[in-house]
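Thanks for coming. I will take a few minutes on one model and its side-chain packing.

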Amino acid sequence: MAKCDICGKGVLFGNNVSHSNRKSNRVFKPNIKQVKCKVNGAKKRLHVCTNCLKSNRVERA
């Protein structure tokens, strides 16, 4: 469920790199919060990343 309803930011994939330069798969998850927001005058619960909350792209209810 790690996806922002506002900007669409989601999971990214990369590598863990050890000191000996061996690589294994890893996941970068965005910081998603469940927030009550006003959508068209009605209160709705959305999954929003903290970057969208910080930049006031969402009006909290």
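A nonpolar core here is a set of buried Ala, Val, Leu, Ile, Met, Phe, Trp, Tyr and Cys residues joined through side-chain atoms within 4.5 Å. Buried means under 20% relative accessible area, exposed over 50%, and partly exposed in between, with a 1.4 Å probe and protein chains only.

Two notes on the source. This is a predicted model, where local features need pLDDT of at least 70 and side-chain atom pairs count only at pLDDT 80 or more, while totals for chains, interfaces and linings use all residues. Residues are numbered from 1 along each chain as its sequence is written, and side-chain values use heavy atoms, leaving out hydrogens and water.

Now the core. The largest one has nine residues: Cys 4, Val 35, Cys 37, Leu 46, Val 48, Cys 49, Cys 52, Leu 53 and Val 58. Two or more residues each come from E3, strand E4 (42–49) and H1; helices (H or I, at least four residues) and strands (E, at least two) are DSSP runs, numbered from the N terminus. E4 gives the largest share, three residues.

Take Leu 53, in helix H1 (residues 50–54). Not counting residues up to four places away in sequence, Leu 53 touches Lys 33, Val 35, Val 48 and Arg 60, where contact means heavy atoms within 4.5 Å.

What about salt bridges, meaning a side-chain nitrogen of Lys or Arg within 4 Å of a carboxyl oxygen of Asp or Glu? The count is one: Lys 38 with Glu 59, at 4.0 Å, N to O. Lys 38 lies in strand E3 (residues 32–39) and Glu 59 in the segment after H1, so the pair ties together parts 21 residues apart in sequence.
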